[in-house]
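Biologist: Hi! Could you walk me through this one while I have it open?

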Amino acid sequence: MNNKNLSESDLCDKVIRPAVVQAGWHTLDQIYAQYPLRAGRVVVRGKTARRDLATVLHADYVLFLKPNIPLAVVEAKKSRLSMQAGMQQAINYAQLLDVPFSFASNGDGFVFRDATLATGVLEQTLTLDQFPSPQELWARYCAWKGWNTEVQSVAEFDYALATTAKTPRYYQLNAINRTVEAIANGQNRVLLVMATGTGKTYTAFQIIHRLWKSPWRADKPSGQKRILFLADRNILIDQTMVNDFRPFKGAMAKLSPNAKGIERSNEQGQIEVEDVDLAVNKTTKLVDKSYEIYLSLYQAVTGTEEEANIYKQFSPDFFDLIIVDECHRGSADEDSAWREILTYFSSATQVGLTATPKETREVSNSDYFGEPLYTYSLRQGIEDGYLAPYKVIRVDLDKDAFGWRPTAGMTDKHGNLIEDRIYTGADMNRKLVLEKRDEAVAAKITEYLKATDRYAKTIVFCEDIDHAARMRQALSNANADICASNPKYVVQITGDNPEGKRELDNFIDPEKRLSGDSHHLQAHEHRRGRANLQAHRAGPEHQVHDAVQADHWPWHPPARRPGQKLVHHPRLQARHRAVCRPRL
């Protein structure tokens, strides 16, 4: 065959793939052509958004030991180019996939790069019939890692079969595989840092499945390992149980005595209510220890009274694996209830997941979990196109920027004397409520939406439940022309608001474009920590009706400033901490 007359696509199909297959690689589950790596950066121009096709990345071939366990990258180039022409691309793609083997070919043979240095040679030329087999590359890989047969049996264990169209992205593969490999190798504290919106819960699901079903902890029968998933928001537990963790149903229970149906959208888009298994008896408060996977709020299993510490019904060695979601919220603090639970179950392997690790003089995630095993940052997510870019629009409120001081003897709307001092942005909605401030914020948000897209999904983060309720009212009044006929246009979603929480699935679905029948604005409680919240509720709060002025600058670097409001581009779903997910 004259390779010179073949296009790159024909060269792949008629020369390169047959050579790989001849070496023992299976077409269906080991050879993946045009494997997607980067979705392409989202570019925003005015009111429209598109993907930059020049930043979309696909590898010509990725070779897997088995599904989701990659080993090598093969990059092809036209026959008129040299055999080495695709090597730099192959190396870059191999780095993204965290694999040591790279191949480049123009159809005449292969250039093979082996970063394990198994033979002492980094790069060498191979003929078409010298392509290595899967067993050869896996043996080199395991020797490079220094694994024994027990570690290998865990590291190569199957992923959970896909029950939906969801397949892991390259960075999720890296996080899952590195974690399973590290734990199989004896590491008992792991920290994963992944930006909000990049699939931490799905990553946790696959880590749990593979360790649960694999020969890890071989002293216990397969499937008899005990796992605890901890979070600090009830909605995080409920949504996890009916979505990503749904394949665990039957072996999984919630550490709570309170039954509640959870609404979810089925494959036909219809809303159905699903009951979850509960592990705590409502009457006796005793825990059913027959389940293998438990999910819990840390608040639900701890308390100041000894009988409220449900977790102590378990023996300290009961759990083999504990996953702590959003571990920056509590477990990094030595005095937190999370830390109390983790210390009690210290013999368990513990994995912390976070988007924003805490590193201060008083609090540190790395002190407890160690340095991050894998990090996928906000910047990487935006560059890859899995998160949308954002712009920051600064709105400075005069009372936040310059402070507010009551006149002598001034009382609040309840007749309480207001302490004579200067109140700043740090006091707003904690020690002081300015009703006009809520109205000014609502007016600015509405002004922006009217200038862009009034049905763009928008989240307004509030200080607490009371603040969220006031903002819901202020936003409803500012958008009365829509809210009069569509009361779900503005929805309060807080821990005490079941009606609002029932609308959450519609809002977070990135594929759903909100219409006049769906809600668009969320007034969302944003807790800053238990101590701050308790101090706020216990301390004096004054509500004052006073004018607030807002000055508006359209652009500035994304730094946190008093009074700053984060407004996301329309047509993109807003996410916490200025992270957006594209709906393209």
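This is a predicted model: local features need pLDDT of at least 70, side-chain atom pairs count only at pLDDT 80 or more; totals for chains, interfaces and linings use all residues.

Biologist: Okay. And which residues of H2 are buried?
Modeller: In helix H2, residues 87-97, the buried ones are Met87, Ala90, Ile91, Tyr93, Ala94, Leu96 and Leu97.

Biologist: Why would residues spaced like that end up on one side of a helix?
Modeller: An α-helix has 3.6 residues a turn, so residues three or four places apart point the same way. In H2, Met87, Ala90 and Ala94 are among the buried residues.

Biologist: Switching to sheets. In what order do the strands run in the one that has E1 in it?
Modeller: The order is E1-E4-E5-E6-E7-E8, an open sheet of 6 strands with mixed pairing. Its edge strands are E1 (31-38) and E8 (123-126), and each of them pairs on one side only. On average, neighbouring strands here are turned by 35 degrees against each other, ignoring direction.

Biologist: How many bridges join E5 to E6?
Modeller: There are 5, between E5 (residues 69-76) and E6 (residues 101-105), and the two strands run parallel.

Biologist: Nice. Which strands does H3 lie across?
Modeller: Helix H3, residues 134-145, lies across E4 (57-66), E5, E6 and E7 (110-114). Relative to E5, H3 runs at about 120 degrees.

Biologist: What about the sheet with E11, is its pairing parallel or antiparallel?
Modeller: Parallel: 7 strands form an open sheet in the order E11-E14-E10-E15-E16-E9-E17. At the edges sit E11 (252-254) and E17 (374-376), each pairing on one side only. Neighbouring strands of this sheet are turned by 15 degrees on average, again ignoring direction.

Biologist: And which residue in E14 is the bridge partner of Lys254?
Modeller: Leu295 is the partner. E11 and E14 (residues 293-297) pair over 3 bridges.

Biologist: Last topic: where does Asp464 lie?
Modeller: Asp464 is in the loop between strand E20 (458-462) and helix H13 (465-478). Asp464 is buried, yet has no salt bridge.

Biologist: Why doesn't Arg470 count as a salt bridge partner for Asp464?
Modeller: Arg470 is the nearest side chain of opposite charge, but it is 5.3 Å away, and a salt bridge has to be within 4 Å.

Biologist: So which backbone nitrogens lie by the Asp464 side chain?
Modeller: The backbone nitrogen of His467 is 2.9 Å from a polar atom of that side chain. For Asp466, the backbone nitrogen lies 3.3 Å from a polar atom of the Asp464 side chain.

Methods. Residues are numbered from 1 along each chain as its sequence is written. Side-chain values use heavy atoms; hydrogens and water are left out. Helices (H or I, at least four residues) and strands (E, at least two) are DSSP runs, numbered from the N terminus. Buried means under 20% relative accessible area, exposed over 50%, partly exposed in between (1.4 Å probe, protein chains only). Lys and Arg count as positive and Asp and Glu as negative; His and the chain ends are not counted. A polar contact is a pair of N or O atoms within 3.5 Å; within protein, one must be able to donate a hydrogen and the other to accept it, and residues adjacent in sequence count only if both atoms are side-chain atoms. Two strands pair if DSSP finds at least two bridges between them. Axes are lines fitted to C-alpha atoms, for helices over the stretch in contact, and angles run from 0 to 180 degrees between N-to-C directions. Contact means heavy atoms within 4.5 Å.
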